[in-house]
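Please read it alongside the sequence and the model.

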Amino acid sequence: MKSKHISREKYIETFCRDTRIHDRQVLYVSAKTHAKIRDITHLFREYHITTTSLIDAILYHHMETYRSILEELKMEKHNDFLDRFNRKSDENE
């Protein structure tokens with residue numbers, strides 16, 4: 001996948017927000033990924049970001065960036081489920 005280049009300012013604006021997350025959920029990542037995220041947060045110490053707020057921003061950005069693809073996949077899965085459900089209902093009659 002080709003990386004998308006954005007300015008340093010846009011990167012900081014998008015990902016380096018000190019977000020307080022009040023209703024947290026557990027999310028596991030590999031130790032290697034966690035170490036890399038921790039290293040990135042240290043680069044932006046002056047913005048007071050945490051590994052949690054950085055991961056939250058990255059995931060939110062990903063979901064917004066690829067919203068149409070994700071919605072399309074969700075609809076396909078939903079339709080596949082309905083098709084399977086309807087076939088089972090037809091078989092039981």
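**Salt bridges, a buried threonine and the main pocket**

Glutamate 64 is partly exposed, at 35% relative accessibility. The model is a predicted one. Three salt bridges are counted in it.

**Network around arginine 67**
- Salt bridges link Glu64, Arg67 and Glu71 in a network.
- Glutamate 64 pairs with arginine 67 at an N to O distance of 2.5 Å.
- Glutamate 71 also forms a salt bridge with arginine 67, at 3.9 Å from N to O.
- Because glutamate 71 and arginine 67 are four residues apart in helix H4 (residues 67–91), about one helical turn separates them.
- Arginine 67 has a relative accessible area of 40% and is partly exposed; glutamate 71, at 44%, also counts as partly exposed.

**Pair in helix H1**
- Lysine 10 and glutamate 13 form a salt bridge, with their closest N and O atoms 3.6 Å apart.
- Both residues belong to helix H1 (residues 8–15) and sit three residues apart, about one turn of the helix.
- Lysine 10 is partly exposed at 40%, while glutamate 13 is exposed at 51% relative accessibility.

**Threonine 41**
- Threonine 41 lies in helix H2 (residues 31–43) and, at 7% relative accessibility, is buried.
- Leaving aside residues up to four places away in sequence, threonine 41 touches Ile49, Thr50, Thr51 and Leu54.

**Largest pocket**
- The largest pocket has a volume of about 420 Å³.
- Its lining has 15 residues, with Gln25, Val26, Leu27, Thr52 and Ile55 nearest the centre.
- Helix H3 (residues 51–65) gives the most to this lining, with six residues.
- The lining residues comprise eight nonpolar, four polar and three charged.

Terms used
Residues numbered from 1 in each chain as written. Predicted model: local features only at pLDDT ≥ 70, side-chain atom pairs only at ≥ 80, totals over all residues. Heavy atoms only, no water. 1 Å grid on protein atoms, 1.4 Å probe; cavity = no way out; pocket = protein on both sides within 12 Å on 5 of 7 lines; lining within 4 Å. Points joined across faces, edges and corners; volume = space filled by probe spheres on them. Helix = DSSP H or I, 4+ residues; strand = E, 2+ residues; numbered from the N terminus. Nonpolar A, V, L, I, M, F, W, Y, C, P; charged D, E, K, R; others polar. Buried < 20%, exposed > 50% of the residue type's maximum accessible area, 1.4 Å probe, protein only. Contact = heavy atoms within 4.5 Å. Salt bridge = Lys/Arg side-chain N within 4 Å of Asp/Glu carboxyl O.
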